[in-house]
Amino acid sequence: MEGYSYIIWILILPLLTFLVTGLGSRKISPTLAGIIGTTSMGICALLSIYTAGSYFGYYSNGVYPSLKVFDLPWLSFTENLSIHLGMVLDPISVMMLVVVTLVSFMVHLYSIGYLHGESRGGVYFSYLSLFSFSMLGLVVSTNLFQMYIFWELVGVSSFLLIGYYFTKPSAVAASKKAFIVTRFADFGFLVGILIMGYVGGSFEFDAIISRLTNPESPEFLTATGAGFLGISLLTWSLVLIFMGGAGKSAMFPLHIWLPDAMEGPTPVSALIHAATMVVAGVFLVARLFPVFFQVPVALDLVAWVGALSALFAAIIACTQTDIKRILAYSTMSQIGYMMFGLGVSGMGEAGLGYMGSMFHLFTHAMFKALLFLGAGAVIHYVHSNEVSDMGALRKKMPVTGLLFLLACLSISGIPPFSGFFSKEEILTAALMKNPVVYGIGLFTAGLTAFYMFRLYYLIFWHNKPYHDKPSPLPRKKEAPLTMMVPMILLGFATLVSGFFPFNNFVTSDGKPLEITFHADLSAIAIGVSLTGIALASVFYLRPGPWPDKIATALGGFFTTVYRKFYIDEIYTLVAKKFIIGTVSPVANWFDRNVVDGLMNFTGTVMGVFSDSIKVWQSGKIHGYLLWFFAGSMIVLILMFIL
Amino acid sequence: MNLTLLVLVPVITLAGILLVKNKGGARTVALIGSVVQLGFSLLLLFMYGTERKSGNSTDFLFETKQVWFEQWNIHYHTGVDGISVAMILLTSFVVLAGVLVSWNVEKLSREFFFLLVFLGTGAYGFFISLDLFTMFFFFELAVIPKYLLIAIWGSGRKEYSAMKLALMLMGGSSLVLAGIFGLYYYTGVYGNGSTFNLIEIAEAGIPLEIQSFLFPLMFIGFAVLSAMFPFHTWAPDGHSSAPTAASMFLAGISMKLGGYGCLRLAANLFPEAAAEYSFYIILLSITGIVYGAVVTLFQKDIKLMNAYSSVSHCGFVLLGIGMMTKTAATGAVLQMISHGVMTALFFAVIGMVYERTHTRIGSQMGGLLKVMPFIGTLFFIAGLTSLGLPGFSGFVAEMTVFVGSFQVPGLFYKAATVLACASIVVTAVYILRAAGVTLMGPLKEEHATLTDAAWNEKAAGAVLVFCIVVMGSAPWWLSDLIQASIPGSFEPLIILPH
């Protein structure tokens, strides 16, 4: 599409930055690498905002069109199936371009200050660029396979960045875990893609959607006809694709990698593990939403997985003590909201859930990035992740404290901050479709307010820390300017983004959506959130005996929650004890002794056989003569007899 | 282009190595020879492309035919199609990297380089041959040097390993030879006189019952070389004893002779029998893929790990062939190329690490990325290629096999594809475990003074990484080159049973 061809630079710039800072990481200084990365991402952000402006300004027939700006064949498999690399502009991809470039720009800028003095900073910034490139490639994908390609690339960037402190064993373990768990989920995604290609005859989103939403098309009939194990192929495909999405978006039970991923540098957690990569699963479901909508089973699965993950993570978050892990569980919980928002949504007029989910994705990216960057500033200052090492920091870091409070209010759903608006729409949509999910969502909103304010109080109030730290904290208080500026910008975004008329722009069918404000529902939600905040204030504003008493009273339940419901242990049991500890040694023994034993046995038999006949080749003439005569005699005798 | 040049250059190189007296001369000659050969291979690719563009659509280009032994109708008959061009390119890249990696071999270095180039000569001859007899001749040329390379320059139980490898491969060869003679005889019965000519045999119309008898000989014979389960056990022993360059050649070139033979000789010449046996081929290759991956998980020795992972990865080659579709077979050839360069890089890196740390046991290393960032990065690239990361060659090959296989109607084929897909998860586990334990984590004190790659190692790594990245990021030309030459007996896919 002419007019938009400049958007190729949104991909080229980060890729070039990756190559330059990566190949030259030992030649250029970390700060220079940071400046290059920040500038390039800043340009991308400007381009994206400009694109968003012109795209949403342009409006044909009352519908925002889907524009394939680029579409180049990359690898062809058969006549119909091939991988193309392209860039598509439609409401959700334009929105994601803005989100990714903006947050990435802030994180780049923040990292210059955060990583000051790190010798491997150049490598860090090259990984960050690689991630940005991959994530941007993912959101503009024109087809499933392109998405899979960039999906894997964001996975590997995440792996590299989590393992950035590679001499630290816990970081190594976390990076491996993140990659392997998401790889397992991607196995489902890949098989889902293969099925989709098989039944849909294409990997292109537009072709798949137009064929599989038309009940008359031959593809639709095949896809929904006889399947495997009584489930139609289309359902299989969507469920498996969702498995990939659930892995990336840390949905239960594939969430176990996300809390550990907090081993990475904090800006990375903000960018990858809060604002952008982890919402890729939501984006994937949204991208294929018209097809999901054809299969109620799959959509219900999305709703239930989302709702349960939201609740599950919120419960765990109430018990954790590591600032970043609390935020990680909160991310998981908020993504759960986005997922069930999609799961309860309809199409077109009934697409409130879809719109709310995308809206929440947008607002969440801003306030969650702010929370992580704020946490980073705190960690930078106290050199610890444990909330017990913090407390009363509001006097030392007033600006950070204020911004953190703002983000907490937003995530808790208190008006007029952004989180209120988006969460409200998701909850309203849930009530219309599935009251149980609504109930879970509402309860989780209360929990969210509780654990977020617990966190806020433990860091910034709670005058007497649990344990007196022996060494006094350094005099330097607020973070440097490069860290402060992005936080203030994000704080501003948190304040205003809720008023953005999202329903006019990002909807399930590209047409503006009428939304009505339900004062009663809002009142209920705000009431629940305020209750959560109030409870947190009672327990955590000042040190008191109550939290410990309640924990003791809950006994086993508390321990179970604190140990994250032992999900990690179950995985360890299956993966480490069973597959690596049992199956693979047995297979190795079998290979060395049975399979190879058979080969060696063949060799030995040959050897024994040849040993036994080699005495006949003694080289002694009289021996040969003896055998010759003996043989001749036998033959003669036989001739006489017969 | 005269294809004989591709054999002539290595032969002249061999003569040159014999003529020079010292070590420095031998390696220089070998390097020059392999650079020139790489130049010719690239020229061949270019000329092949131009010729095809100009509309030449015969199966094989640049054919030459010379009577070698008239009485038995044996010819020196050469010609190339897209598949052989790709394999020749692979060989010349791997040979160059192998020569570079071996730059500082101390023991009998003249003889070492001689054998390396000799092995390459056999491979080039094999890939350009269209006469089964000459093809077999070159095939055998490539077997002997492996024995010597392992038995003389190897480590550990080298005599045992060398002998085992030679015997198993020779066993395979004998099956192939029996198959070739069978073909020779039956073309006399059913075709226009006994012949070793590949093109004529393909047109001879040998009946199914004869095919069913000859096909297994040919296929198993070559599949032994390609480490098909259960004939793969030479690979772990061979690799664990072989010197670095020999491992690179063994996995990067030799195993590919097997795959190429399975495709060009077995599946192409006996299409009906191949279809009949496809169930068993797929069954064995899937076993190899999954079982190989699971056994790899157990390996503590990183070289053994790569040897077993080769068993798993080469399973994709046989799976692609067994599916008998154009796309899957294209994937099989892509996988041969991808695995060839990837595993050569991996063995090269493992050699570099071993030379410095004097251990191959992962847990005895750690944090090496800190002292050898270049080698560490190569290790990561090889590993990520092995686990099929997009942007590197492995992804392209595996996805082509998967898509091609999944399109075959029938639950069995789909189940096999899904199992093959599952193996990439296991691959990720063992690769990351190996990388985590060797490159990451705390650095061992005794390794704090180790040095990063020398110039020759950097050059070898760069050559192979170049192949991996080019193939992984711009795969279309290679895929098209290969796909156009997949024999017609491989059905183009029937999409959708509408």
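# Two chains, question by question

Biologist: What radius of gyration does chain B have, with its 498 residues?

Modeller: The radius of gyration is taken over C-alpha atoms, and the globule rule is 2.2 Å times the number of residues to the power 0.38. For 498 residues, a compact globule would come out near 23 Å. Chain B agrees with that, as its value is 21 Å.

Biologist: What kind of model is this?

Modeller: Residues are numbered from 1 along each chain as its sequence is written, while chains are lettered from A and ligands numbered from 1 in the order in which they are written. Local features need pLDDT of at least 70, side-chain atom pairs count only at pLDDT 80 or more, and totals for chains, interfaces and linings use all residues, since the model is predicted.

Biologist: How much of chain B is buried?

Modeller: A residue is buried if 20 or more other C-beta atoms lie within 10 Å of its own, exposed if 12 or fewer, and partly exposed in between, with C-beta atoms placed from the backbone. In chain A, buried residues make up 55% of 642. In chain B, the share of the 498 residues is 63%.

Biologist: How many helices does chain B have?

Modeller: Helices (H or I, at least four residues) and strands (E, at least two) are DSSP runs, numbered from the N terminus. Chain A has 25 helices and two strands. In chain B there are two strands, and the number of helices is 20.

Biologist: Which helix gives the most to the side of chain A that touches chain B?

Modeller: Two residues are in contact if their C-beta atoms, placed from the backbone, lie within 7 Å. On that basis, 42 residues of chain A are in contact with 45 residues of chain B. β1, α5, α6, α8 and α24 of chain A each supply at least two residues of this side. With 13 residues, the one that gives the most is α6(A).

Biologist: Which helix of chain B do the buried residues of α24(A) pack against?

Modeller: α24(A) has a kink of about 45° centred on Gly597(A). Of its 48 residues, three are buried, so α24(A) lies largely in the open. The buried ones are Ser584(A), Ala587(A) and Asp591(A). In chain B, they pack against α12.

Key. The bend at a residue is the angle between axes fitted to the seven residues ending there and the seven starting there.
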